[in-house]
Amino acid sequence: MKEIDTLLTNNKLWAQNVEKSIPGFFRTLENQHKPKYLWIGCSDSRVPADQLIGVMPGEVFVHRNISNQVINTDINLMCVLQYAVDVLQVKHIIVCGHYGCGGIEAVLQDQTPGLLAHWLENVKDLMERNNTPSLDDMCELNVRLQVRNLALNSIVRRAWDQGQTLYLHGWIYSVSNGLLHDLCITRGGRST
Ligand SMILES: [Zn+2]
């Protein structure tokens, strides 16, 4: 089981290195969990939230699913969202998609297997509303749609109504050069 043993060995080295460069790091973290950001991203292994934005453990609360969907009936995401907004009081929610997303591509090619067809229904609707979009266009449109869904979500709206500082951001990541691109659709402040 060399593949798995390597991961555990890597972990020991990583923990040692962190502790060496920031003595007491883990002990300090043990007693606090105050991330400012909630990241909603794709499960794609090429898009690891923490590494892309250069943060250490403790800085970003993360939820990932296939094609970074924000679906109001998804109990998993809704629990994450409620905890992030009500308890952790994060200041920013980042929806991050990526170009070349396999889930979006499967919808475009009408090749979504089994449950995925159900999971990605909103993406299919989005595709049908837009005239034969390219894969990259669809990846961006998908982020825009998910940010809109968040802006209509009752947990987010209640936070805004209560005057809580909460910004929603839509970003897209390029797997081919490692760069994030801000789609400039930031929403924030109180709802109207
Ligand atoms: Zn993806």
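The model in view is a predicted one. Cys 184 has a relative accessible area of 63%, and is therefore exposed, the threshold being over 50%. Most residues other than glycine have a negative phi.

Next, select Gln 89, in the loop between helix 4 (75–87) and strand 3. Here too phi is positive, near 55 degrees, in a residue other than glycine. Gln 89 has a relative accessible area of 41% and so counts as partly exposed.

From there, display the zinc ion together with Cys 42, His 98 and Cys 101. The protein donors are SG of Cys 42, NE2 of His 98 and SG of Cys 101, at 2.1 to 2.3 Å from the ion. Along the sequence, the spacing of these donor residues is C-x55-H-x2-C. Cys 42 in strand 1 (residues 37–42) and His 98 in strand 3 (residues 92–98) are 56 residues apart, and the pair links distant parts of the chain. Colouring by accessibility shows Cys 42 as buried, at 6% relative accessibility; His 98 is likewise buried, at 1%.

Finally, move to Asp 110, in the loop between helix 5 (102–108) and helix 6 (115–119). Asp 110 is exposed, because its relative accessibility is 58%.

Definitions and conventions:
Residues numbered from 1 in each chain as written. Predicted model: local features only at pLDDT ≥ 70, side-chain atom pairs only at ≥ 80, totals over all residues. Heavy atoms only, no water. Helix = DSSP H or I, 4+ residues; strand = E, 2+ residues; numbered from the N terminus. Buried < 20%, exposed > 50% of the residue type's maximum accessible area, 1.4 Å probe, protein only. Donors = N, O, S within 2.8 Å, 3.2 Å for Na, K, Ca; no water.
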